[in-house]
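Welcome! Here is a short tour for anyone meeting this structure for the first time.

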Amino acid sequence: MAFDKKVIVLKQIENGFSAGGRAAAGIVRIESEDGVCSLFLSPVNFVAKGSGEYVLFVTDGKREICRLPLGVRPRSLTATFDLPPDLSKGFAAGICFLSADIPVLVAYQRTENFPRTVQDFKKAVAEYCIER
């Protein structure tokens, strides 16, 4: 019975998506046990914006990307992965505001052992949005 848990705290990257001058943030937790992998998101201080929606993007050490729609204002989310991510090299996650298929990274973080930078994450998400 193998159990693995990774937790990151998303930090604001881009201004204009939070209320009351406080930063947009969130907590992402991924738990894996016996081949079942679940994600838990708790977004903090996001505001609804005009035309567009928020999306959580998660990428693993193999650069696989998972897209989880959050709607016009992010709320807590629990999801189970169809294909569990490879957490051996960590993961990165970010909440983007998507308007006209153009992602703006609002809040982001990666685990300590994740080998790619925030710029790599932005590029991977942009490529993902273009391909879909």
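The notes below go through a loop residue, the cysteines, a threonine and a cavity.

This is a predicted model, in which local features need pLDDT of at least 70 and side-chain atom pairs count only at pLDDT 80 or more, while totals for chains, interfaces and linings use all residues. Residues are numbered from 1 along each chain as its sequence is written, and side-chain values use heavy atoms, with hydrogens and water left out.

**A loop residue: Glu-14**

- Glu-14 sits in the loop that links strand E1 (3–12) to strand E2 (25–33); helices (H or I, at least four residues) and strands (E, at least two) are DSSP runs, numbered from the N terminus.
- With a relative accessible area of 36%, Glu-14 is partly exposed, because that class lies between buried (under 20%) and exposed (over 50%), using a 1.4 Å probe and protein chains only.
- Beyond its neighbours within four places in sequence, Glu-14 is in contact (heavy atoms within 4.5 Å) with Val-104, Leu-105 and Val-106.
- Ala-24 is ten residues from Glu-14 in sequence, and their C-alpha atoms are 8.8 Å apart.

**The cysteines**

- How many disulfides does a search of the whole structure find? The search finds zero, where a disulfide is a pair of cysteine sulfur atoms within 2.5 Å.
- Cys-37 is in no disulfide, and the nearest cysteine sulfur, that of Cys-66, is 9.6 Å away.
- Cys-96 is in no disulfide either, with the nearest cysteine sulfur, that of Cys-129, 7.0 Å away.
- Cys-37 counts as buried at 0% relative accessibility, and Cys-96 counts as buried at 2%.

**Thr-59 and what it touches**

- Thr-59 belongs to strand E4 (residues 53–60) and is buried, at 5% relative accessibility.
- A polar atom of the Thr-59 side chain lies 3.0 Å from the backbone oxygen of Glu-64.
- Leaving out residues up to four places away in sequence, Thr-59 touches Glu-64, Ile-65, Phe-91, Ala-92, Phe-114 and Phe-121.

**The cavity**

- A search of the whole structure finds one cavity of 30 Å³ or more; on a 1 Å grid over the protein atoms alone, a cavity is a set of points where a 1.4 Å probe fits but cannot get out.
- The largest cavity has a volume of about 40 Å³, a volume being the space filled by probe spheres set on the points, which are joined across faces, edges and corners.
- Thr-59 returns here: the residues lining the largest cavity include Thr-59, Arg-63 and Phe-114, and lining residues have an atom within 4 Å of a point.
- Helix H1 (residues 118–131) gives the largest share of that lining, three residues.

Notes
Polar contact = N/O pair within 3.5 Å; in protein donor to acceptor, adjacent residues only side chain to side chain. 1 Å grid on protein atoms, 1.4 Å probe; cavity = no way out; pocket = protein on both sides within 12 Å on 5 of 7 lines; lining within 4 Å.
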